[in-house]
Amino acid sequence: MALTTLLFFAAIGLVLFLPGTALLSFLERKSPFATPLERAVLIPSLSIVLVDFFMLSFDLFGIPQKYWTILLAIGIFSLGSFSLARVKKTSDESSIHHEEEPERSVSKTFIAVFILLLVLKTFYFFPNVLSNTTDLGHHLYWVKKIALDHRLPIYEKQDIVIDDRGNYSISNPEPISDFIIGEHLTLAAIQMISGVDFDSAFSSIILFIVHILSLFALSLLARRLFEPLPSSEILSTLTLLLGGVLYGLGVPQMKYVVGGVVGNTYANLFIPVLFLCLIMAFRTKRTALFSLVVILLFGLAYTHHLSMFVTVIVLLVAIGIRLALSPKTMWGVVMKPFLTPWPMILFGIGTLFFFVLWKPAYIANTAVNTVVGTPEKTEHLGFTTTQLLYAVGEPRLVLGFFGLVFLFVWWYRKKTFDVNAVALLLGWTIPLVVLVLFPDVVSIDLPSGRVANYLIAPLCILSALLITVAVHVFRQKHILPASFLFATTTLFLAILFFNGYLDNDSVFRQSPLQSEKTRALRDAAHYLADDIPRDGIVLHDHINIPGDSWIKLDFMRDYNYPFYRAYLFRYDRASDRTEKCTLYVISSPHSDEAKKCISDLYIRAVLVNQTIDGAQFEHFKDFEKVYTNPFYAIYTYDK
Amino acid sequence: MISERKTLFLLAGFMFLSTGALLFADHFFATRITPGQFSLQFTDSMSNSLESKIINDSPATHFTWTLLGNKMEYAKSSINIPTHETETILSGEVLAGRKVKGKITVRVTDDQGNTRELFRVFR
């Protein structure tokens, strides 16, 4: 236990921190462009992209994905970067230096809010750490496949099919577009280096670290966006409070971490870090920062397609707004620095990788085409304003909206704010509101709930801006007596807290302790895989077994194996479940249809929730009950 | 106000503590003993006997093991199994020297009153 823990921490350091530190030390060899706290979010983001790049390159050159090859790549890259940084630093000592940033300081309130955030989330996560979510089980199948096969997986699955004569069989593997390679590479690298058990919470803990960093990145972005303001520090603290503490447990925060929404959680870190680099690049004109923007953009593209799509839309709209707000400076400040050698070279390498050398599944299978067109599915038809209010949190939406109006009006009249920051925030908010409320107008077919989640980040910054400026103005202009101002601010924050904590409280209440069930399922799955002869097919239920996708980790035979009984509505969708064997065998094993399925497919065992689905097997003489625990039972077919 | 460098160390320290707490939680919930929970599985069966294994993840230590079939009790025994003992194999002969037919049930009850059953059909 102690050694595994030690190795796990070491692997986190080697994979999530070392390569990024090395790259940043090389890029900052002349003078630093990021503050220590900014480095803390830049480093892991870059490390993830670099490790992805190493492992994709291994695949191209036929190098096995093993712990020592990954360690070697990280070691050589880090050593090379540190050495080059040192050599360059020495040779550049006499040359002209960029202006160094003065050491910044952080308020105690910021630290207190961060600790509060960490305590709240850890407290919620503690009893839920043993994951029983379907998504994480699916992802870990691919992570384990990389670790076992020592090569990158081909995303495909087998299915039960029925031929013209009505006979059932197992299909050949068919490609699937649900997964993106970047979701699995870092987890695989950490697992291979540390040797940590797949049956542990290692993946959830990594997601937790990434999630905390993403909130941290958002608050640092808020600070950078409004840097000229004397109260940008307060704004940053408020962003952290609004983004991470209030509504801090629901979707897309801890629910995504516990739920194993890997790509989205990673993307929630990449997006603010990417925008942070962009804003810093415009301010400092450092080529290195423009290069980092390109690196992070491709990192995002290899990690999460929806986030990439949303980010590209945000950037395009932001560029359009920037052009409209200040056309004269557009070329010199925004476009020209990107057309310098390094960002262009990196963009070329990235494009070559993305479209030719190693296409992600969603590009290779042209799944991206499915997002263009009139929305048809119910969950893609857009939100009403009330649904949007509920999705992002009422105070955040209201304050964010007024913050947006204030930002534009204030900039238009006083030109106090950085035009790039204004363009980015407008571009981040407006297209997402349109996508969520009126998807049919722009003919974009995306799940509205998922898109609404991307609105939370800019709304938090805008809400924080409005509160900060309002308090600042009231204090400066002495519009209100100090005691009255204090009382109203306190009351306002109390309402905000109440609303946010009400949401947290409801999440807490919805989370009954599942660890016993999770443990019982893992035990049953081990028995199913180890003790039952493998010459037949195994089925299990999905409806009444939470986290059933973890069962496949014991078999590692196919992504879709063991086959499972899906939610009943899926059997009615013509394009979804064409076979009904999984339904017949588990719901009515006595039926003739079930008997034919058992015979055609050579089904030999089923794993079901004993209380709900055990009865249909108990009195059927062809099945034997060979395993039982407090929740689940395994029945074998023996005739 | 505190310098960013100091803040970074402070926050990293808290992150480390938080991660440590979660690792502990993982270990705790993975190996936790839940009152009254044990599992039962078949390990082997022959023409007239059954072998089953009790995995005792519970504080219970005393188990009664019964072999039932055709409305009669073939065998009965009791056993003490220490908590977390996982390799306790119980073996029961149904009818010595005679071929058994029909559904035979293994029933195990612990001293907390929890019962689990398995069955096998002898043909």
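Helices (H or I, at least four residues) and strands (E, at least two) are taken as DSSP runs, numbered from the N terminus. On this basis, the elements of chain B in the predicted model follow the order β-α-β-β-β-β-β-β-β from the N terminus on. Of its 123 residues, 44% count as buried. Among the contacts in chain B that link residues at least 6 apart in sequence, 57% are between residues at least 24 apart.

The interface between the two chains was examined next. On one side, 57 residues of chain A take part, and these are in contact with 41 residues of chain B. The area buried between chain A and chain B amounts to about 4,400 Å², and carbon and sulfur atoms contribute 67% of this area. Two salt bridges are counted between chain A and chain B. In a salt bridge between the chains, the side chain of A:Arg223 meets that of B:Glu4, with an N to O distance of 2.7 Å. Polar contacts between chain A and chain B number 15 residue pairs, with both residues at pLDDT 80 or more.

Several elements of chain A give two or more residues to the side that touches chain B: the helices α1 (2-27), α2 (36-61), α4 (108-125), α7, α23 (515-531) and α28 (615-618), together with the strands β1 (105-106) and β9 (623-628). The largest share of this side of chain A, eight residues, is supplied by α4(A). By residue class, the side of chain A that touches chain B consists of 32 nonpolar, nine polar and 16 charged residues.

In soluble globular proteins, nonpolar side chains tend to be buried together. The largest nonpolar core in the model comprises 189 residues, and the members that touch the most others are A:Phe33, A:Phe226, A:Leu292 and A:Trp428. Helix α7 of chain A (residues 202-225) provides the largest share of this core, with 17 residues. Beyond its neighbours within four places in sequence, A:Trp428 is in contact with A:Leu218, A:Leu221, A:Ile271, A:Phe275 and A:Val314, as well as with A:Tyr454, A:Ala457, A:Pro458 and A:Ile461.

Key:
Residues are numbered from 1 along each chain as its sequence is written. Chains are lettered from A and ligands numbered from 1 in the order in which they are written. This is a predicted model: local features need pLDDT of at least 70, side-chain atom pairs count only at pLDDT 80 or more; totals for chains, interfaces and linings use all residues. Side-chain values use heavy atoms; hydrogens and water are left out. A nonpolar core is a set of buried Ala, Val, Leu, Ile, Met, Phe, Trp, Tyr and Cys residues joined through side-chain atoms within 4.5 Å. Buried means under 20% relative accessible area, exposed over 50%, partly exposed in between (1.4 Å probe, protein chains only). Contact means heavy atoms within 4.5 Å. Buried area is the accessible area (1.4 Å probe) that two parts lose on being put together, summed over both. A salt bridge is a side-chain nitrogen of Lys or Arg within 4 Å of a carboxyl oxygen of Asp or Glu. A polar contact is a pair of N or O atoms within 3.5 Å; within protein, one must be able to donate a hydrogen and the other to accept it, and residues adjacent in sequence count only if both atoms are side-chain atoms. Ala, Val, Leu, Ile, Met, Phe, Trp, Tyr, Cys and Pro count as nonpolar, Asp, Glu, Lys and Arg as charged, and the others, Gly among them, as polar.
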